[in-house]
Amino acid sequence: MATNYSDITAGIATPPLWWHGDVPRYVPFHPRWVSIHATEVAYIKSRCQVCGQEYNSVVEGFTDIYERAESITGNASLPGWDPPLALSHCEYAFTSSVPIVVLEYWRRTRSDPQWVRLQEFEIALRDEYGQLRPSS
Ligand SMILES: [Zn+2]
């Protein structure tokens, strides 16, 4: 599913503020900019494991189970993922990144579509050894 949107980033002078998957975004983050079907959104700062570049992106949930909140509460961790293809971050075409901090956490229900920010889930995340990953 990886799509390279470097034509968009190449045509805009300022770097993206955040990424929605591979899609560069230029407006300040708010959950109104993610999927209309999302019920849970974590706005995450991540770090490329190869070059160390940090960037912001989102993890969305689509049920009322709130599994990201469960993971943040239980383990202070989230699984890593591939950096956006258009993020000109290092010479390696294939790498992965690790989430280091939950900058914002939002949820809503199907019966109440108003987004609610829950700051108790906005915490630093730990690696597989239980160590915090300090942000630069
Ligand atoms: Zn990199």
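The legends below describe an overall view and several close-up views of a predicted model.

Residues are numbered from 1 along each chain as its sequence is written. Because the model is predicted, local features need pLDDT of at least 70 and side-chain atom pairs count only at pLDDT 80 or more, while totals for chains, interfaces and linings use all residues.

**Figure 1. Overall view of the protein, with 2 helices and 6 strands.** Helices (H or I, at least four residues) and strands (E, at least two) are DSSP runs, numbered from the N terminus. Along the sequence the elements follow the pattern α-β-β-β-β-α-β-β. The radius of gyration is 15 Å, close to the 14 Å that the globule rule gives for 136 residues, so the protein is as compact as a globular protein of that length. This radius is taken over C-alpha atoms, and the globule rule is 2.2 Å times the number of residues to the power 0.38. The C-alpha trace spans about 40 × 35 × 25 Å along its principal axes. Of the contacts with a separation of 6 or more, 53% join residues 24 or more positions apart; two residues are in contact if their C-beta atoms, placed from the backbone, lie within 7 Å.

**Figure 2. Confidence along the model, given as pLDDT.** pLDDT is the predictor's confidence in each residue, from 0 to 100. The protein averages 87, and 93% of the residues score at least 70. Among the elements, α2 has the lowest mean pLDDT (84), and strand β6 (residues 116–117) has the highest (96).

**Figure 3. The hairpin of β3 and β4.** Strand β3 (residues 40–48) pairs with strand β4 (residues 54–61) in the antiparallel sense over 8 bridges; strands pair if DSSP finds at least two bridges between them. Val41 has Glu60 in β4 as its bridge partner. There are 5 residues between the strands, and Gly52 in this hairpin takes a positive phi near 85°.

Figure 4. Ile44 is buried, with 23 other C-beta atoms within 10 Å. The cut-offs for other C-beta atoms within 10 Å of a residue's own are 20 or more for buried and 12 or fewer for exposed, with partly exposed in between; C-beta atoms are placed from the backbone. Leaving aside neighbours within four places in sequence, the contacts of Ile44 are Asn56, Ser57, Val58, Val59, Leu78, Pro99, Val102 and Leu103. The C-alpha atoms of Ile44 and Leu125 are 9.9 Å apart, although the two residues are 81 residues apart in sequence.

**Figure 5. The largest nonpolar core, with 14 residues.** Such a core is a set of buried Ala, Val, Leu, Ile, Met, Phe, Trp, Tyr and Cys residues joined through C-beta atoms within 7 Å. Those with the most contacts inside it are Val41, Ala42, Tyr43, Ile44, Val58, Val102 and Tyr105. The elements giving two or more residues to the core are β3, β4 and β5 (97–107). With neighbours within four places in sequence left aside, Val58 is in contact with His20, Val34, Val41, Ala42, Tyr43 and Ile44. Of the 136 residues of the protein, 24% count as buried.

Figure 6. Most residues other than glycine have a negative phi. Tyr66 counts as partly exposed because it has 18 C-beta neighbours inside 10 Å.
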